[in-house]
Amino acid sequence: MIRNNDATELCITKGQEGHIVGWKSGIGSRGQIVLDTLFVKLDRPAKTINIEGLPENVIPLVKLKKSVKCTFPNGVSIPVRRSQVHVLPNFAMTVYSSQGKTRPNNVVILNSCRDHLSYYTALSRSSTAEGTVIIQGFNPSKITCGASGYLRQEFRELELMDEISQLKFEDHLPSIINGHLRNAIIRQYQKLKGESYVPEIVPETLKWTKSDPMNILKVQTDTPWCLIEKNKNLIADQQMLVIEHNAQEQIPVEMISHSQLYNHSKSLKRKAKGDLSSEKALITKKRRTALGSAIQTDNPVGMIWDSQNYSCSYDSLFTILGDIWVYNPTKWTRNFKLMSSYAKKLGSGFEKVVSKEINLEDARNSVRRLLHYRSPIAFPDGTLGVDIGDLLLYMFTEKSIGKITYNCEHCGVRSTSASKITSLFSVTQQRLSTIQEYLDATAMKTKKCTCGHDAIKIYKYNSSVNFQAISLPPGSQEVKISKSISLCTDTNPIILPIRGVIYYGSGHFVSRIISPTGEVWYHDGIETRRQCIREGYLVDYTENNLRLKGTKICVGVIYAL
């Protein structure tokens, strides 16, 4: 049985069965014979498969590499990488996996089936009764104890619906039976015929009597369709909510109570249509910490451009980082500390903004002063401006977040690279199409071992990966912007969604901010100032048109989880 969806167009799908017709082997790192390619003839594939050089319905399966993290009792963890063809001996399968299959010879074990539904699925795989083989005994009570009360009620209602549908089709249904929903129609029919009425077509096992009645159904009011919008009156009556800071200090933030929104919307859920006319439903979203705004809002908050000391490069990056920070201040304050002293300074500034000690521009300027002190040439004051590449470099490469090792599977030698992993990846030249392709190409690079074989590159991070900045200097700005990226680690790949894009043109930087829900916002410290303008949703953008914002071109991307 094939275990992976490796090529659905060739019917190489999870659960597909087949027979081995051949294989190719090679020599492993210790001289042993290892399987390289397995040739499998598919059993009854969805379509006929013809691969040049192979018989009909015969497909090749190659070995794939997989990493497994093994943890010892003493807490030490090591990655184990193995190469394997993803197939299993098809001696048995679960009831769930067998759905949709038909077998001339169907061998079943009913003893471990949980209920009559599993019995049905297993036995109905057979094409004939003669081809059914039941191994071991089984518990007959699972199929002879009768249906549960809920299931019996469902079947009884369906029997009434059968008769109602037939009368409707024959145009014999009384006009007073005019409900639009199942519950209403059955109630009307029961009131017309009486509780004791049982259609003649109902099987004896389902018929209801005085001792086992089918009562008239209770009224069920379905929620009417309505447009969900914010209640402006409720927003005007803001409440003071105390949020607990990671340093255990109590910080009052003016915001709408999350529980108030939830309880209010919940109370509306089952109201009749007439009752909804006087009230507005409220939309609830993931709680954010208010940053630079007195009112709790789900809109990103931007930084205002400094016309004396040009700040657009800082504004474009720090607005994105601020919108990431607000969703989990404790987590991102800690993570910023691991990137650089400058990112640490920014995280501390955001904390002070929340506690209303400073504003966003003060937080920006505190980082700017530190950068200017360390490198006055790269980060000048005045109207010269700052290269976004330098800003990304200083913000995200000061501290290492992991190391690169090379492992030779042939001789077992492992070496550590002098290069360290940081939170910034730079695309140096236009060779590939997308950011993800650059990351994959870098991860796939090998190094010659002393034994002459290629050693595999392994990325070992100090902690869980949840952030990656991408720099696109001149010469690489035609690269398409991946909406998410997959980073290789020593355990499993990590998927990071896009959270922001920085653009440059006509001597000015602007940015797009992408929320966790996929909303796209635009910020320009000169034009929009504190406000961010909603542009739409990420699904409406292609990887290619994310490269541009008007005449400005992408120079940096932020991914975060």
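A: The pLDDT is the predictor's own confidence in each residue, on a scale from 0 to 100. The model is a predicted one, and its protein chain averages a pLDDT of 84, with 86% of the residues scoring at least 70. Over residues 232–286, however, the pLDDT is below 50, although in the model this stretch has 90 contacts beyond near neighbours in sequence.

The protein chain is built with 14 helices and 22 strands, and 40% of its 561 residues count as buried.

When the whole structure is searched, 4 cavities of 30 Å³ or more are found, and the largest cavity holds about 60 Å³ of space. Its lining is made up of Leu160, Tyr189, Gln190, Lys193, Gly194, Glu195, Tyr197, Trp208 and Met214. Helix α5, which spans residues 182–193, supplies the largest share of that lining, namely 3 residues. Sorted by class, the lining of the largest cavity comprises 5 nonpolar, 2 polar and 2 charged residues.

Glutamate 17 lies in the segment before β1 (18–27), and because its relative accessibility is 9%, under the 20% limit, it counts as buried. Leaving aside neighbours within four places in sequence, glutamate 17 is in contact with Leu42, Asp43, Asn90, Met93, Lys101 and Arg103.

Not counting residues up to four places away in sequence, glutamate 361 touches Gly302, Met303, Ile304 and Arg530.

Arginine 529 lies in the loop between β19 (519–523) and β20 (533–537), where it has a positive phi of about 55° although it is not a glycine. With a relative accessibility of 44%, arginine 529 counts as partly exposed. Serine 506 likewise has a positive phi, near 55°, in a residue other than glycine, and its place is in the loop between β17 (494–505) and β18 (508–514). Serine 506 is exposed, since its relative accessible area of 73% is over 50%.

A last point concerns the cysteines. A disulfide is a covalent bond between the sulfur atoms of two cysteines, and a search of the whole structure finds 0 disulfides. Cysteine 554 is buried, with a relative accessible area of 1%, whereas cysteine 488 is partly exposed, with a relative accessible area of 37%.

Technical notes. Residues are numbered from 1 along each chain as its sequence is written. This is a predicted model: local features need pLDDT of at least 70, side-chain atom pairs count only at pLDDT 80 or more; totals for chains, interfaces and linings use all residues. Side-chain values use heavy atoms; hydrogens and water are left out. On a 1 Å grid over the protein atoms alone, a cavity is a set of points where a 1.4 Å probe fits but cannot get out, and a pocket is an open set with protein on both sides within 12 Å along at least five of seven lines; lining residues have an atom within 4 Å of a point. Grid points are joined across faces, edges and corners, and a volume is the space filled by probe spheres set on the points. Helices (H or I, at least four residues) and strands (E, at least two) are DSSP runs, numbered from the N terminus. Ala, Val, Leu, Ile, Met, Phe, Trp, Tyr, Cys and Pro count as nonpolar, Asp, Glu, Lys and Arg as charged, and the others, Gly among them, as polar. Contact means heavy atoms within 4.5 Å. A disulfide is a pair of cysteine sulfur atoms within 2.5 Å. Buried means under 20% relative accessible area, exposed over 50%, partly exposed in between (1.4 Å probe, protein chains only).
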